[in-house]
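Hello,

Here is the structure I promised to pass on. My notes follow below it.

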Amino acid sequence: MTVQDDAPARGRIGVMLPRDLPVQDVLPFARRAEELGFDQLWVVEDLGFRGGLAQAGPVLASTESITVGIGIMPAGARNVCFAAMELATLAQLYPGRLIAGIGHGMPAWMRQAGAWPASPLTLIREYTDALRRLVRGEPGPPGGRYVNGEGVVITEVPDVVPPVILGVRGPKSQAVARDVADGLLLAEPAAPAYIAASLRHMDTAPHTSGLEIVAYDAAAVDDDADTALARVRAGLTAVGEPAWAAHIDPLPFAAALREHRAACSGPQEFAETMPPAWVRELSIAGTPGQAREAISARHAAGATSVVLTPVGPDAPAALNSLARVLDTRT
């Protein structure tokens, strides 16, 4: 059995499968992403849309080599023993092609579902430790405050054990990722300053830790930079809200951004009137060359994978446009 956690790939570029993509477009989108040359395809699990595991299986089956990431499965949503069986099965059937993202989940959604714990940090630590042990075929750890799997052993384990990374924002949660996970998934916006701050929370330097650092960002590419910037604004409506503070705090214009949000009537006005320089920092947008520069800056800050989230009403067309950033990769 090989554990896929000692040498994360550097400089990868992935793409997000939009959560609201019409169902008939899901698998064609996945196949097209692979055909265009993206290294990774990430599926999301947002409450009320589609399940992460349920998407990952058909996407893996309908493609040949692209790595499929699940970002993220909330720890409070599934018993860890059964989650480990699901991940082990996918990794056994599609060796070396899976990355599992685990997180707290959005607090409001998890409270709606009755699955928000009194101590999210304790849950994520116990859950991640147990999940990684079980997927490796080791016995589950002794029962903790939330997670019980003592004596459980999964016999059908993969030859290549998938990385388990934590999709978390706060400094304490990111420190937990350093202790018990194979890396970190940073939701959008993941500006270089936010990536660097997150690595500091993990007490590690860029490209030296052996960890997977996956960064999401809203993205739009066009021959006309202004057109791309105008399009990507729709993917930035939420970044002025309190839940995104961790993403904004490391930026030199954080205070000005908050003042701008307070002066706006709502998220849409905020995004539509944001200065272009902020839009460029908070997204991957512009001409193909400008987008490549933004991706390179995130890799330089410590991201091992940069994942582009298409913005716009026509996701398949957006996918083709985003693929132009791959043309001159070294």
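Which residue follows H7, and what is its phi? Asp203 comes after H7, and its phi is positive, near 60°.

Some ground rules. This is a predicted model, where local features need pLDDT of at least 70, side-chain atom pairs count only at pLDDT 80 or more, and totals for chains, interfaces and linings use all residues. Residues are numbered from 1 along each chain as its sequence is written, and side-chain values use heavy atoms, with hydrogens and water left out. Helices (H or I, at least four residues) and strands (E, at least two) are DSSP runs, numbered from the N terminus.

**Helix H7**

H7 covers residues 192-201. Its Pro192, Tyr194, Ile195, Ala197, Ser198 and Leu199 are buried. Buried means under 20% relative accessible area, exposed over 50%, and partly exposed in between (1.4 Å probe, protein chains only). The buried residues of H7 pack against several elements, including helix H6 (171-180), strand S9 (212-221) and helix H13 (288-301).

Two strands pair if DSSP finds at least two bridges between them. Start with S2 (residues 12-16) and S3: they run parallel and are joined by three bridges. Met16 stands opposite Trp42 in S3. Between S2 and S3 the chain passes through helix H1 (residues 23-36), in a right-handed β-α-β crossover. Right-handed means that, with the strands pointing away from the viewer, the path from the first strand over the helix to the second runs clockwise.

S3 (residues 40-43) also pairs with S4, in the parallel sense and over four bridges. Leu41 faces Val68 in S4, and Gln40 stands opposite Thr67 in S4.

S4 (residues 67-74) is mostly covered, with eight of its eight residues buried. S4 pairs with S5 (residues 98-103) in the parallel sense, over five bridges. Met73 has Ile102 in S5 as its bridge partner. Helix H3 (residues 80-93) carries the chain from S4 to S5, and this β-α-β crossover is right-handed.

**Nonpolar cores**

A nonpolar core is a set of buried Ala, Val, Leu, Ile, Met, Phe, Trp, Tyr and Cys residues joined through side-chain atoms within 4.5 Å. The largest one has 74 residues. Among those with the most contacts inside it are Phe38, Leu41, Leu87 and Ile102. H3 gives the largest share of this core, eight residues.

Which residues does Leu87 contact, leaving aside its neighbours within four places in sequence? They are Leu53, Ile70, Met73, Leu98, Ala100, Leu131 and Val135. Contact means heavy atoms within 4.5 Å.

**Salt bridges**

How many salt bridges does a search of the whole structure find? The search finds 14. The criterion is a side-chain nitrogen of Lys or Arg within 4 Å of a carboxyl oxygen of Asp or Glu.

Arg298 and Asp217 form one, with the closest N and O atoms 2.6 Å apart. This pair links distant parts of the chain: Arg298 is in H13 and Asp217 in S9, 81 residues apart. Both Arg298 and Asp217 are buried. Salt bridges that share partners also join Arg125, Arg178 and Asp179 into one network. Asp179 and Arg178 have their closest N and O atoms 3.0 Å apart. Asp179 counts as partly exposed because its relative accessibility is 43%. Arg178, at 34%, also counts as partly exposed.

**Aromatic pairs**

The whole structure holds two aromatic pairs. Rings of Phe, Tyr and Trp (its six-membered ring) pair if their centres lie within 6.5 Å; planes under 30 degrees apart count as stacked, over 60 as edge-to-face and the rest as tilted.

Trp42 and Tyr216 have ring centres 5.9 Å apart and planes at 70°, so this pair is edge-to-face. Trp42 lies in S3 and Tyr216 in S9, so the pair ties together parts 174 residues apart in sequence. Both Trp42 and Tyr216 are buried.

Why does the pair of Phe253 and Trp278 count as stacked? The ring centres are 5.1 Å apart and the planes are at 5°, so Phe253 and Trp278 are stacked. Phe253 sits in the loop between H9 and helix H10 (254-263), and Trp278 in helix H12, 25 residues apart. Phe253 and Trp278 are both buried.

Best wishes
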